[in-house]
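Thanks for coming, everyone. I'd like to walk you through one model today, so please have a look at the sequence and the structure as I bring them up.

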Amino acid sequence: MPRRALSDLNGRQKVAVLLIALGQQLSVEVLKHLSEEEIESITLEIANFQKIEPELQEEVLEEFYNMLLAQRYISLGGVGYARDVLERALGSGKADEIISKLSSFIKVSPFDFLKRTDPQQLLAFIQNEHPQTIALILSYLPPESASQILSGLPPETQVEVARRIATMDRTSPDVVREVERVMEKKLSTLLETEFSQVGGIQALVEVLNRVDRGTERLILESLEDQDPELAEEVKKRMFVFEDIRLLDDRSIQLVLREIDMKDLALALKAVSDDVKNRIFKNMSQRAAQTLQEDMEYMGPVRLKDVEDAQQRIVATIRRLEEEGQIIIARGGEVEFV
């Protein structure tokens, strides 16, 4: 019986082969990100494979790796940059094949050309623009670049730009095109006629999570004066419960002394093993065993109850941070108290 070729496989079959090649542990992590329908169809494909030749597995893994590389290059410098890099590495034919496979879901973002511009140079170029223009541009930039630019703006401009990012909802493509024209640069493809979703509270949170603490405090305090509800919503999203795994051991132990263990048992019902293990590591063996037993005896719980318990713990963490008892590092910074 002739060996099945890579070209004979459809998308679901390639995913099935990929998961088989990755092994059980990694496959489980991948499946967590798929819908129930996708999991069902892919599982069926896996069951239908009676034998997969090693050569076919290697071909699928190679194609998957090349597609990941292409997507990374596209995010760094656009389609043209990705094609150039792939051509030098794999040859013109292979590069065209990979780009062609990605073309169905490649979408060049507005201001894509700015992603390769040094943030400090971009800051000098846009700092005198209207706050709404700056907010629009920062909403399209990666959070790392946007945070550097926001930190470099004058304090009064920082607050105004932050507020406009958070309250921005939908922006007409005509407006985006006009801003791009003013920036004297033109995108390689036209914007789609549908409105583009930009900005929003989460966009501001991602930027604030990467700025220095002084900038973060200034913006949040000013937002509290101007729009308390908006400021509270931003603060709620600044640190989510799962981020507790990023705290150092001393900080986690201090948090554990401040919270209700019933809240903790409830909060851990819907988190990854990584988060649970980080908590258990900072408890005595007996306390960790008791907590695990409480979670088991609790049985099924409502998601809202879990989220409420997590939010109460997050509130405690934020209080301890404000009091200077723990440190939440952001943007790679290191603070000492």
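Let me start with a question: is Glu63 buried or exposed? Glu63 is buried, because its relative accessible area is 15%, and buried here means under 20%, exposed over 50%, and partly exposed in between, with a 1.4 Å probe and protein chains only.

A quick word on the source. This is a predicted model, in which local features need pLDDT of at least 70 and side-chain atom pairs count only at pLDDT 80 or more, while totals for chains, interfaces and linings use all residues. Residues are numbered from 1 along each chain as its sequence is written, and side-chain values use heavy atoms, with hydrogens and water left out.

Back to Glu63, then. Glu63 sits in helix H4, residues 54-90; helices are DSSP runs of H or I with at least four residues, numbered from the N terminus. The side chain of Glu63 makes a polar contact of 3.1 Å with that of Lys14. By polar contact I mean a pair of N or O atoms within 3.5 Å; within protein, one must be able to donate a hydrogen and the other to accept it, and residues adjacent in sequence count only if both atoms are side-chain atoms.

Glu62 is in helix H4 too, but Glu62 is partly exposed, with a relative accessible area of 46%. From Glu62 to Leu18 is 44 residues in sequence and 10.0 Å in space, C-alpha to C-alpha.

Now for the cores. A nonpolar core is a set of buried Ala, Val, Leu, Ile, Met, Phe, Trp, Tyr and Cys residues joined through side-chain atoms within 4.5 Å. The largest one has 35 residues, and among those with the most contacts inside it are Leu138, Leu150 and Val161. Helices that each supply at least two residues of this core include H7 (131-140), H8 (143-152) and H9 (155-167). Take Leu150: beyond its neighbours within four places in sequence, its contacts (heavy atoms within 4.5 Å) include Leu138, Val161, Leu208 and Ile219.

There is also a second, separate core of 30 residues, with Val275, Met283, Ala309 and Ile326 among its members. Val275 brings us to helix H16, residues 273-281, where Val275, Lys276, Arg278, Ile279 and Phe280 are buried. What do the buried residues of H16 pack against? Their partners are helix H14 (249-258), helix H15 (261-267) and helix H17 (285-298).

That's my tour, and I'm happy to take questions.
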